[in-house]
Amino acid sequence: MSALRLFLMRHRRLAALLLALALCLKALVPMGYMLDATGATLTMRICDGQTVKTVQLAIPGKKADADTSRAQEASHCPYTALGMGGLPGADPLLLAAAIAFILLLGFAPMVSPALRPIPFVSPPLRGPPALAL
């Protein structure tokens, strides 16, 4: 793990590119799509939250396995709970207004405070008179 961390620290642009590609892939693949390659068929299960729809595609040139039988699957999708964290906690209109407000604050001109001289920052040039006792 330390070798991977060192490699990514030395190649920051590559790490940023990998992160951007992972986020783009996450954005392109809809939630609930699962692929399963068993034997000579490619099975795609589409979860819509209540039921599982299954589409099977035959892969040409591949032999079927002897034991491709599976137990009857549940009618509910086990992966729908994973997407619950992505649900917004606010109304979409309120969320859009908050994002627009933050973006407008980012482009608003920044007023810098006026620089005023601060009195008595340095000690006086001469000290008080010395009293000889």
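In the predicted model, helix 1 (residues 2-10) packs against helix 2 (residues 12-28) at an angle of about 100°. The two axes lie 5 Å apart. Angles of 65 to 115 degrees count as roughly perpendicular, so helix 1 is roughly perpendicular to helix 2. On the helix 1 side, the contact is made by Phe7, Leu8, Met9 and Arg10. Helix 2 contributes Arg12, Leu14 and Ala15. By class, this contact of helix 1 with helix 2 has five nonpolar and two charged residues. No polar residues take part.

The surface carries a nonpolar patch of about 710 Å². Met1, Leu4, Phe7, Leu14, Leu17, Leu18 and Leu21 make up this patch. Leu4 belongs to helix 1. Each of the two helices, helix 1 and helix 2, supplies at least two residues of the nonpolar patch. Helix 2 gives the most, with four residues.

Two residues link these descriptions. Phe7 of helix 1 is part of the helix contact and also of the nonpolar patch.

Key. Residues numbered from 1 in each chain as written. Predicted model: local features only at pLDDT ≥ 70, side-chain atom pairs only at ≥ 80, totals over all residues. Heavy atoms only, no water. Axes fitted to C-alpha atoms, helices over the stretch in contact; angles between N-to-C directions. Parallel < 35°, antiparallel > 145°, perpendicular 65-115°, else oblique. Contact = heavy atoms within 4.5 Å. Nonpolar A, V, L, I, M, F, W, Y, C, P; charged D, E, K, R; others polar. Patch = residues over 30% accessible without salt bridge, like charges linked within 9 Å, V, L, I, M, F, W, Y side chains within 5 Å. Areas by Shrake-Rupley, 256 points an atom, 1.4 Å probe, with all protein chains shown as cover. Salt bridge = Lys/Arg side-chain N within 4 Å of Asp/Glu carboxyl O.
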